[in-house]
Amino acid sequence: EIIQVKNGETSTPKKKVTQLKAPYSGMVFDTMEEARNYYEEYGRQEGFWIRTRSSSKTRRRLDEVTSRQFVCAHEGKYVPKNTSQKASEENDEKNIMKCGCKASMRIKLDRWSNKWKVSSFQDSHNHKPVTPERRMKMKSNRVMPKAAKILTETFHEENLPIAKVPSIFGGPHIGFNNRDCYNHLRNVRHRQLDGGDAQSVLTYFRKKQAENPQFFYAIQCDENGRAANFFWVDARSRMAYNYFGDVVTFDTTYRTNKYDMPFAQFTGVNHHLQSIQFGCALLQDETEVTFLWLFETWLEAMGGRHPVSIITDQDLAMKGAIAKIFPNTRHRLCLWHIKKKFAEKLSHVYFKKSKFKIQMKKCIRSTYKIEEFEEKWKELMKECELANDDWLNSLYDIRSSWVPVYNRGIFFAGMNTTGRSEGINSFFDGFVTPTTNLREFVVKYEQALKRIMDRESDEDFESEHKYRIVNEGEFLLKHAAKFYTRNVFNKFKDEWSKVTLYKVEEIPCDDEYHAYLVKTKLGEHEEFVVKLNLQTYKGMCECQNFEFVGILCRHLLKVFVRLDIDTLPDHFILPRWRQEANKFRIMDFKSLVTNDGKEESDTTTK
């Protein structure tokens, strides 16, 4: 028996908020502080924050200010303090606020009325305004009221978690969060609803579904009618799957709860290279039957869309269920779990700095052709007299399911392990304990999910409102900085920084492509063939970095430099890595909004 929620939509009526008028020349304020507060509040409303640029004082009294200019925080240009700093920043990624914005307000003291008047006002910005849902992150909004501090101190004195204090004061619409105070969870932590733990979970799920029909849950009962398996996924995670659901890791190793139930989670990676959730389950067991129910239910929640690839540990029941439910999905085994067994099975040859360990690592990680891997493996087995080792032979038989070279032609966002799932496991440790009951677990999962969403929002803010420093002549890097998120740009920049280590020469090619041989200049010899159509700029490299990671490799970039190609072709820019890849979001878990809550009038940058 499966109890579940289908798709639905809700909307929340918007409250009317009094809008401040834009300052204007001649506008009067009683005090200088009142004028600053007005402009600062106006900035909060419009999505920018301000700072004091300059002040003028009288000659007779140096402490008497007669005029003051307030500017947008993006005003001015970034200038390194010295030559050494400039040289350092050419190699290090750095975010800056200043982009030459001209928006400002100047006020002057009118001696006749002893009031302050606006003498000039410029309201034209050359950057994106901060959208409503992120305005609490602006520096002008970063303030923790006295009442919040008192409450935080009281919670601390009583040994109560305190990071929920911000939600008491208004959640995301205030100027402080759990970085300013620890964690306030529930003061009724151990209280259970009548009807038992499982019933309380069902009640909680129904409540979440009533708040937002896009919340999906399913409960499977055993032959005695008792709840056995619980699956749930919030509305925002379902929406995120539409954009980032091409690669998924699945893990069931986490068991931190009162009943020692396996916690199964579907984890992905967003446009900031951060781990995100696509739903989870608490399971009675880890049999193929249970996994079949879970995968079928999860697929239904995700609208029937299969992932391109999935990574799991080496579990036969899991493997069988995946083959039946996701027949066209590329299933890989976690490389870390397999490598971990080397030390257990081959302790006599696989130990720190041993020759076998070093060579095996190179064989697995540094081969880019299947023939090359198989040749090196066989040579290593012969050299170390391991050709008859049963465990190694069984591992070699399933090599296509775990060795990177067999999977580099498939998109995995650069992942070889379930490390993202396990990273989320350790993240959850801050929210749950071995005594956590079922209802507490699902509530705390929601709190942890909110933290994950906040981190994504923080990175959205960093990527969209701070700028990367790029040398004038680095045209491809400058082009990449315009659309990649900060973290993806850094990965691209890593590839770009290696371009000068290679040389390139054109070689004969029979088809419509031109072929180039890209070779290292120094160090260990490497060479890769790059093919490129000079009409469409479509191409590929033998290393298959773009296919596997979704970011151009140093070899293709080297060819672009040789051909004076100064911008990245669109087909080499994956939409999932762009700054606005998550432009559709769930706001407050209640209504679907576009462009992070911007009003229609906000869509044009001032």
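## Exercises on a predicted model

Ala 413 is found in the loop between helix H12 (390-397) and helix H13 (419-428). The model is predicted, and the exercises below work through selected residues of it.

**Exercise 1. Describe the backbone and the surroundings of Ala 413, and state whether this residue is buried or exposed.**

Solution. Begin with the backbone: phi of Ala 413 is near 55 degrees, which is a positive value in a residue other than glycine. Then place the residue in the chain, where Ala 413 belongs to the loop that runs between helix H12 and helix H13. Finally, turn to accessibility: Ala 413 has a relative accessibility of 11%, and because buried means under 20%, Ala 413 counts as buried.

**Exercise 2. Carry out the corresponding analysis for Tyr 537, giving its phi, its place in the chain and its accessibility class.**

Solution. Phi of Tyr 537 is near 60 degrees, again a positive value in a residue other than glycine. As for location, Tyr 537 sits in the loop between strand E18 (527-532) and strand E19 (539-541). With a relative accessibility of 32%, Tyr 537 counts as partly exposed, since that class lies between the limits of 20% and 50%.

**Exercise 3. Determine how many disulfides the model holds, and explain the result for Cys 72.**

Solution. The criterion for a disulfide is a pair of cysteine sulfur atoms within 2.5 Å. For Cys 72, the closest cysteine sulfur is that of Cys 101, at 3.9 Å, and this is too far for a bond. By this rule the count for the model comes to zero disulfides.

**Exercise 4. Identify the residues that form the positive surface patch containing Lys 361, and characterise Lys 361 itself.**

Solution. The patch is formed by Lys 352, Lys 353, Lys 357, Lys 361 and Arg 365. Of these residues, take Lys 361, which is found in helix H10 (residues 355-365). Its relative accessible area is 51%, so Lys 361 is exposed, the limit for that class being over 50%.

**Exercise 5. Locate Thr 18, classify its accessibility, and relate it to Gln 45 in sequence and in space.**

Solution. Thr 18 lies in the loop between strand E1 (2-4) and strand E2 (28-29). With a relative accessible area of 75%, Thr 18 is exposed. Thr 18 and Gln 45 are separated by 27 residues in sequence, while their C-alpha atoms are 10.0 Å apart in space.

Terms used: Residues are numbered from 1 along each chain as its sequence is written. This is a predicted model: local features need pLDDT of at least 70, side-chain atom pairs count only at pLDDT 80 or more; totals for chains, interfaces and linings use all residues. Side-chain values use heavy atoms; hydrogens and water are left out. Patches are made of residues with over 30% relative accessible area and no salt bridge: like charges are joined within 9 Å, nonpolar side chains (Val, Leu, Ile, Met, Phe, Trp, Tyr) within 5 Å. Accessible areas come from the Shrake-Rupley method with a 1.4 Å probe; for residues, only the protein chains shown count as cover. A salt bridge is a side-chain nitrogen of Lys or Arg within 4 Å of a carboxyl oxygen of Asp or Glu. Lys and Arg count as positive and Asp and Glu as negative; His and the chain ends are not counted. The place of a charge is taken as NZ of Lys, CZ of Arg, CG of Asp or CD of Glu. Helices (H or I, at least four residues) and strands (E, at least two) are DSSP runs, numbered from the N terminus. Buried means under 20% relative accessible area, exposed over 50%, partly exposed in between (1.4 Å probe, protein chains only).
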